[in-house]
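Subject: Structure handover

Hello,

Here is the structure for you to look through. My notes follow below it.

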Amino acid sequence: GKTTFEKKKRNTIIKLLQNIFKYLIFIFAVLYILEVYGVDTKSLIAGIGVAGVVLGLALQDFLKDLISGLSIMLDNYFVIGDIVEFDGFTGEVIEFGLKSTKIQAFNGEVFSISNRNIDKIKNISQKQTTWFISIPTAYEEKESKVSEALKEAINKIIDSTDADQESSYLGIDEFSDSSIKYMIKIGRASCR
């Protein structure tokens, strides 16, 4: 089967192609309507070539966004579903277009970023994360019973999330005043 990243990349490419297709349909519709009303679209398109140079200078930021959008796609910088951070704002990439990227924070807030800001975006999904969790348990519980329950919980976490196979039960971490603390490690590998 396909990996999580391959599925996310496929979804991102589909969304991007839908955006491109939408713009192309709009352009062809406008040209067709102009043709119907007797406008010579061939000379119009030739004139657009000259005007394109002038517009290119005027629309530098738009062109930077466009080129950066293509660069994001080709370099796998991020895809829909990745968790990214931009200027202190952290969230999931929910939409990717030629000009901008939309990020939704965990509280539901949506932030739109121009693609030319790619150098300021950190992709958190690409780095490996490991959590060490200390779990307090009563002194009365047998170590064998606790270790068995924790190992079973870790296996469920591995099966239901993208935690890696390195996740494990590490043993007793500390004898505190009111409990024994057991340590587990949950690793989340990069999804790339």
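How many aromatic pairs does a search of the whole structure find? The search finds three, where rings of Phe, Tyr and Trp (its six-membered ring) pair if their centres lie within 6.5 Å.

Before the details, some ground rules. This is a predicted model, in which local features need pLDDT of at least 70 and side-chain atom pairs count only at pLDDT 80 or more, while totals for chains, interfaces and linings use all residues. Residues are numbered from 1 along each chain as its sequence is written, and side-chain values use heavy atoms, with hydrogens and water left out.

In one of the aromatic pairs, the ring centres of phenylalanine 86 and phenylalanine 111 are 5.9 Å apart and the planes are at 35 degrees, so this pair is tilted (under 30 degrees counts as stacked, over 60 as edge-to-face, and the rest as tilted). The pair links distant parts of the chain, since phenylalanine 86 is in strand β1 and phenylalanine 111 is in strand β4, 25 residues apart. Strands here are DSSP runs of E with at least two residues, and helices are runs of H or I with at least four, both numbered from the N terminus. Ring pairs link Phe86, Phe89 and Phe111 into a cluster.

Is phenylalanine 86 buried or exposed? Phenylalanine 86 is buried, because its relative accessibility is 9%, whereas phenylalanine 111 is partly exposed at 32%. Buried means under 20% relative accessible area, exposed over 50%, and partly exposed in between (1.4 Å probe, protein chains only).

The sheet is open and has five strands in the order β4-β3-β2-β1-β5, with antiparallel pairing; two strands pair if DSSP finds at least two bridges between them. β4 (110–114) and β5 (121–123) stand at the edges with a single partner strand each, so one side of each has no neighbour in the sheet.

β1 (residues 83–86) is joined to β2 (residues 89–96) by four bridges, and phenylalanine 86 stands opposite phenylalanine 89. Four bridges also join β2 to β3, and these two strands form a hairpin with three residues between them. β3 and β4 pair over five bridges, with serine 100 opposite serine 114. Their hairpin has five residues between the strands, and glycine 108 there takes a positive phi near 100 degrees.

Regards
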